[in-house]
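Please look over the sequence and the three-dimensional model shown below. The questions that follow go through selected residues, a helix and the ligand site in turn.

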Amino acid sequence: MPIIQVNGRPIHYWAGRKGFIERRDFVLFIHGAGGGQYTWSYQKGFFEKEFNPIIIELPGHGDSGGEGEVEIGKYAEYVYGFIKSLKLPRLFLVGHSMGGAITQTMALRYPELIKGIILVGTGARLRVLPMILEGIKTDFKEIVPKINRYAFSRNTPSDLIDKGIKGMLQCRPEILYGDFMACDRFDIMKEVENIKLPACIVCGEEDELTPVKYSQFLKNKIKGARLEIIPESGHMVMMESPSLFNQKIKEFLVSPIFSENK
Ligand code: COA
């Protein structure tokens with residue numbers, strides 16, 4: 001899988017098994033705190049059939065390695081640099097949780113680069129339970145399974161939760177801490193209404209880390225946004241209900257409507 005230098009750091013990404021195909025829309029997937037390529041493993045096969053999907057691994061995560069950041073705005077600058085380095089045309093961004101905060105920041109800073117945004121399990125403000133921040137510092141190996149038990153809905157099979165735990169444990173404690181600090185500091189409740197792009201907001205009905213209320217707020221503030229609430233799913237909705245999730249995203253990608261008057 002390719003690695004490019006962005007703002008002086010190596011950035012690893014996945015871009016489908018056949019490379020970019022002409023006349024297809026580009027869709028860039030941005031993972032959340034402690035995430036990586038594994039976050040989107042159930043999207044790869046589906047989206048490469050009709051789109052040009054790209055999965056970025058943020059600095060400090062997965063095979064990108066190196067240091068992470070403690071501010072959403074800094075991560076957004078890597079995503080911007082990544083889009084510019086690859087000379088990507090106007091594209092769709094799909095951001096999960098912290099990745100959703102990065103996506104909102106991109107939508108405010110660089111709307112000219114973006115065709116539409118998909119905000120998954122996220123919010124305009126992402127305060128973090130002190131127990132999570134403290135736990136990462138004091139007992140990383142114990143807090144990661146705890147975070148994942150909050151992140152998946154109650155009836156999730158244990159092997160899927162284990163996949164989440166294994167993925168997050170690949171992240172170094174200081175990187176995970178930085179990610180959650182970045183989330184905790186993120187607050188664009190007053191600015192989010194300035195996003196003027198087609199938007200699809202997706203949330204698991206049982207999401208405990210970013211409750212449905214956060215997504216409803218986004219829908220009310222972003223004009224013309226559509227909201228998809230996925231039943232029997234939690235914060236990791238794209239892993240928990242991949243078929244329905246992928247279908248809803250595809251419906252939006254083929255018909256991304258933005259209405260000023262809605
Ligand atoms: N969209 C809409 N409303 C939001 C919001 C968002 N993104 N973020 C917070 N709010 C609301 C809350 O629901 C609350 O409303 P209420 O007073 O009517 O109950 C109010 O704004 C204040 O909430 P908050 O800013 O979160 O502060 P708090 O001191 O009440 O709670 C936490 C702090 C950490 C306990 C709480 O944010 C929480 O439970 N977070 C979810 C768990 C978590 O750690 N998630 C990780 C996200 S990456």
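Q: In which strand is the place of Gly 95?

A: This is a predicted model, in which local features need pLDDT of at least 70 and side-chain atom pairs count only at pLDDT 80 or more, while totals for chains, interfaces and linings use all residues. Residues are numbered from 1 along each chain as its sequence is written, and side-chain values use heavy atoms, with hydrogens and water left out. Strands here are DSSP runs of E with at least two residues, and helices are runs of H or I with at least four, both numbered from the N terminus. On that basis, the place of Gly 95 is in strand β5.

Q: Is Gly 95 buried or exposed?

A: Buried means under 20% relative accessible area, exposed means over 50%, and partly exposed lies in between, with a 1.4 Å probe and protein chains only. The relative accessible area of Gly 95 is 0%, and Gly 95 touches Ile 30, Gly 100, Thr 103, Ile 118, Leu 119 and Val 120, where residues up to four places away in sequence are not counted and contact means heavy atoms within 4.5 Å. Because its relative accessible area is 0%, Gly 95 is buried.

Q: What relative accessible area does Pro 53 have?

A: Pro 53 has its place in strand β4, residues 52-57. Apart from residues up to four places away in sequence, Pro 53 touches Trp 14, Ala 15, Gly 16, Val 27, Phe 29, Phe 47 and Glu 48. Pro 53 is classed as buried because its relative accessible area is 4%.

Q: Which residues does Asn 246 touch, not counting those up to four places away in sequence?

A: Asn 246 is found in helix α10, which spans residues 242-254. Asn 246 counts as buried because its relative accessibility is 3%. With residues up to four places away in sequence left out, Asn 246 touches Tyr 42, Gln 43, Phe 46 and Phe 47.

Q: What relative accessible area does Pro 59 have?

A: Pro 59 is found in the loop between β4 and α2. Leaving aside neighbours within four places in sequence, Pro 59 is in contact with Arg 9, Ile 11, Ser 64, Gly 65, Glu 67, Gly 68, Tyr 75 and Tyr 78. Pro 59 is buried, with a relative accessible area of 1%.

Q: About how many degrees is the phi of Lys 87?

A: Lys 87 lies in the loop between α2 (72-85) and β5 (91-96). Lys 87 counts as exposed because its relative accessibility is 72%. Although Lys 87 is not a glycine, its phi is positive, at about 50 degrees.

Q: Why are the buried residues of α4 on the same side of the helix?

A: The buried residues of helix α4 (residues 130-138) are Ile 132, Leu 133, Gly 135 and Ile 136. These residues are on the same side of α4 because they cover an arc of only 165 degrees around the axis, the arc being that of the directions from the helix axis to the C-beta atoms. On the other side of α4, the exposed residues are Pro 130, Lys 137 and Thr 138.

Q: How far is an oxygen atom of the ligand from an N or O atom in the side chain of Arg 125?

A: The ligand is surrounded by 13 residues, and the closest are Arg 125, Val 128, Leu 129, Leu 209 and Lys 213; a residue is near a molecule if one of its heavy atoms lies within 4 Å of it. A polar contact is a pair of N or O atoms within 3.5 Å. A backbone N or O atom of Leu 209 lies 3.0 Å from a nitrogen atom of the ligand. For the side chain of Arg 125, the distance from an N or O atom to an oxygen atom of the ligand is 2.6 Å.

Q: Which helix gives the most to the shell around the ligand?

A: By class, the shell around the ligand has nine nonpolar, one polar and three charged residues, where Ala, Val, Leu, Ile, Met, Phe, Trp, Tyr, Cys and Pro count as nonpolar, Asp, Glu, Lys and Arg as charged, and the others, Gly among them, as polar. With three residues in the shell, the helix that gives the most is α8 (residues 212-221).

How values were computed:
Polar contact = N/O pair within 3.5 Å; in protein donor to acceptor, adjacent residues only side chain to side chain.
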